Amino acid sequence: MAAEEANTSEPAVQGGPVESSPHQHETRIDWESNTVLLQSGQRMPIVGIGTWQVKGQVCVDTVCTALKAGYRLIDTASIYRNEADVAAGIAASGVPRNDIFITSKLSPKQQGEDAAYEACMGSLKALGTDYLDLYLVHWPGAKGLKPSHPGTQEKRHGTWRALQRLQKEGHVRSIGVSNFMPHHLSALLASPDCTQAPVLNQFEVNPLLKATEAVQACREHGIVVQAYAPLAQGNPLLLDDEKVLAIAGRLGCSPAVVCVRWGLQMGYLQIPRSTNPTHIMDNLQALHIQLAAEDMDAIGALQAGQGGGTRTCWDPNTVEY
Ligand SMILES: NC(=O)c1ccc[n+]([C@@H]2O[C@H](COP(=O)([O-])OP(=O)(O)OC[C@H]3O[C@@H](n4cnc5c(N)ncnc54)[C@H](OP(=O)(O)O)[C@@H]3O)[C@@H](O)[C@H]2O)c1
């Protein structure tokens with residue numbers, strides 16, 4: 001571990017080290033291997049392919065294309081109903097399982113100690129693998145309980161006991177959460193049920209939705225932030241923004257690449273989704289450009305536009321306990 005940590009101190013991306021600035025983060029990204037070291041001791045890629053709403057042959061082709069292009073992280077979930085398609089895409093790519101980092105998640109319907117354990121077994125079977133690299137609690141709420149129901153927390157903590165057991169038994173290598181806001185995280189970390197902290201929290205973050213409090217809560221506990229909807233689902237407010245377009249023009253890349261790179265330099269792992277082979281390959285360019293401090297500031301100053309935020313997905317703040 002010490003040697004790996006030593007590796008991470010000097011970001012070395014094309015164009016030289018990232019300048020020291022307030023945008024430097026505590027996340028231990030190794031810019032040589034484009035991986036991050038999790039608290040579990042496992043390394044994971046900083047960019048992966050998202051697969052929400054990607055099913056059937058499109059999913060098979062997307063996963064295969066992404067792996068052939070060089071992606072080594074696939075983000076799926078039982079709720080996406082595409083785990084078997086992901087497995088077929090992996091098989092079609094010819095990339096060995098051990099070279100791939102697979103994340104899956106249990107759904108709100110699968111919350112609770114026994115259900116969560118069984119959910120993992122189901123995902124393993126559908127994915128045709130005997131281990132997951134990372135297993136996440138998809139959502140702090142539980143199906144059948146209102147978001148304001150105090151029993152939600154107890155159920156969620158039962159889920160966490162199951163994840164810790166799954167990790168001990170070797171079914172999953174690392175465990176984490178998704179959509180956990182500061183109050184969900186602090187309750188879990190304070191619970192006697194939590195003997196192993198989540199290594200990662202996946203939630204919506206992009207230049208239009210900065211989720212500052214959630215990021216801060218993760219940093220306080222050394223929890224890696226992974227951004228979903230890093231492109232705000234293709235929102236033109238982001239991808240057609242004139243500042244983003246100007247930076248992209250200057251760097252000779254697409255606006256999407258600028259946004260992915262902004263997230264990486266903020267220290268957020270990125271899982272952009274695309275089913276378009278050109279975009280899939282394009283998004284990897286984020287590993288090869290560098291944003292100057294003033295570019296980071298300009299993108300960081302983007303506003304969500306009229307009417308407040310531009311959250312594209314479900315709002316986890318609605319889960320009260
Ligand atoms: N944990 C959770 O609750 C949660 C929630 C949402 C998402 N996620 C995960 O995060 C992943 C990413 O988030 P997301 O799917 O919501 O949205 P996203 O990645 O922010 O945006 C996807 C959209 O961006 C477009 N796009 C991708 N690359 C592009 C490029 N280079 N140029 C122009 N457009 C581009 C895609 O269209 P094309 O296909 O045409 O390229 C697609 O319409 C999901 O797929 C899923 O794995 C997790």
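Biologist: Which residue of E5 stands opposite Gly50?

Modeller: Asp75 stands opposite Gly50, and the two strands concerned are E4 and E5, residues 73-75. Strands, labelled E, are DSSP runs of at least two residues, while helices are H or I runs of at least four, each kind numbered from the N terminus. Residues are numbered from 1 along each chain as its sequence is written. This is a predicted model, in which local features need pLDDT of at least 70 and side-chain atom pairs count only at pLDDT 80 or more, whereas totals for chains, interfaces and linings use all residues.

Biologist: Which strands does E10 pair with in parallel?

Modeller: Five bridges join E10 (residues 224-228) to E9, residues 200-204, with Glu204 opposite Tyr228. Two bridges join E10 to E11, residues 269-270, where Leu269 is the bridge partner of Gln226.

Biologist: Why is the unit of E9, helix H7 and E10 called right-handed?

Modeller: The term applies if, with the strands pointing away from the viewer, the path from the first strand over the helix to the second runs clockwise. E9, H7 (residues 212-220) and E10 are assigned to a right-handed β-α-β unit, so their path is clockwise in that view.

Biologist: How do you know that E10 is mostly covered?

Modeller: A residue is buried if 20 or more other C-beta atoms lie within 10 Å of its own, exposed if 12 or fewer, and partly exposed in between, with C-beta atoms placed from the backbone. Five of the five residues of E10 are buried: Val224, Gln226 and Tyr228 on one side, and Val225 and Ala227 on the other.

Biologist: Which residues are closest to the ligand?

Modeller: They are Gly50, Tyr228, Ala256, Arg273 and Ser274, among 27 residues that surround the ligand; a residue counts as near if its C-beta atom, placed from the backbone, lies within 6 Å. Helix H11 (residues 277-283) gives the most to this shell, with three residues.

Definitions and conventions: Pairing = 2+ DSSP bridges.
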